[in-house]
Amino acid sequence: TMGLNVESAIRNAILAFQGHDLELAQEVIENDETINGQETHLEKQCAQVIALQQPVASDLRLIISMLKASSDLERLGDHAVSVAKATKVFENEKRDAEIEKIVIEMAQNVQKMLEEIMNAYEVLDDKKAIIIANDDNQNNEYFKQIRKLSLKEIRTDADFAESGIDYLNVANHIERMGDYVTNLAEWIIYATKGKITELGRNDL
């Protein structure tokens with residue numbers, strides 16, 4: 001449920017940014033309290049299970065992965081809030097259709113990754129987790145494109161400087177979302193294999 005709420009937050013934050021929808025952006029900001037509350041609830045539940053049932057081996061790994069995953073989901077929600085806040089910032093700034101197109105594509109890739117990783121987490125599919133984590137490489141490519149275009153526009157038009165910096169900030173928030181989805185994939189590996197793994201490396 002927390003994952004679904006975070007998916008909704010990211011989707012609505014991007015829709016708000018794309019459509020200049022200040023009302024929807026505010027909704028994302030306000031709904032973040034629900035996500036924060038769910039993280040706190042999960043922390044308490046996991047702590048209670050550890051204290052009262054003293055789980056061992058695979059059960060303990062699963063609980064630890066839940067604690068870590070809920071923390072990463074909460075941070076994903078925070079980045080969605082930051083994108084929503086950027087909607088307000090851009091109300092008085094120049095916008096660039098080409099840069100925004102790539103920003104939206106990048107965000108859609110993250111949304112897809114999050115949806116797939118939550119499905120993989122539900123059944124602890126470690127093979128699928130690795131595949132999803134590798135999709136984060138595309139986010140890095142999107143970020144490079146956004147940076148290149150933003151700097152190009154800034155050099156061409158000094159008045160675009162503020163917008164260019166803010167586009168890079170939005171892209172950075174989305175790029176961090178991809179990193180947290182990768183973290184979720186790593187916790188699936190930990191829950192299933194008991195191994196702390198840095199996904200995306202060539203030694204997998």
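Sixteen is the count to keep in mind for the largest pocket: 16 residues line it, and Thr1, Met2, Gly3, Met118 and Tyr121 sit nearest its centre. Bear in mind that this is a predicted model. The other topic here is how helix H7 packs, once against H5 and once against H3.

**The largest pocket**

- The space inside the largest pocket comes to about 410 Å³.
- Four helices each put at least two residues into the lining: H1 (2-19), H2 (22-53), H3 (57-89) and H4 (97-123).
- Sorted by class, the lining has nine nonpolar residues, five polar ones and two charged ones.

**H5 against H7**

- H5 (residues 126-134) packs on H7 (residues 161-193) at an angle of about 160°, and their axes are 9 Å apart.
- Angles over 145 degrees count as roughly antiparallel, so that is how H5 and H7 run relative to each other.
- The crossing of H5 past H7 is left-handed.
- On the H5 side, the contact uses Asp126, Ala129, Ile130, Ile132 and Ala133.
- H7 answers with Val181, Thr182, Ala185, Ile188, Ile189, Thr192 and Lys193.
- Taken by class, this H5–H7 contact has eight nonpolar, two polar and two charged residues.

**H3 against H7**

- H3 and H7 pack at an angle of about 170°, with 9 Å between their axes.
- H3 and H7 are therefore roughly antiparallel to each other too.
- The contact of H3 with H7 holds 18 nonpolar residues, along with six polar and seven charged ones.

Methods
Residues numbered from 1 in each chain as written. Predicted model: local features only at pLDDT ≥ 70, side-chain atom pairs only at ≥ 80, totals over all residues. Heavy atoms only, no water. 1 Å grid on protein atoms, 1.4 Å probe; cavity = no way out; pocket = protein on both sides within 12 Å on 5 of 7 lines; lining within 4 Å. Points joined across faces, edges and corners; volume = space filled by probe spheres on them. Nonpolar A, V, L, I, M, F, W, Y, C, P; charged D, E, K, R; others polar. Axes fitted to C-alpha atoms, helices over the stretch in contact; angles between N-to-C directions. Parallel < 35°, antiparallel > 145°, perpendicular 65-115°, else oblique. Left-handed = near helix turned anticlockwise from the far one by under 90°. Contact = heavy atoms within 4.5 Å.
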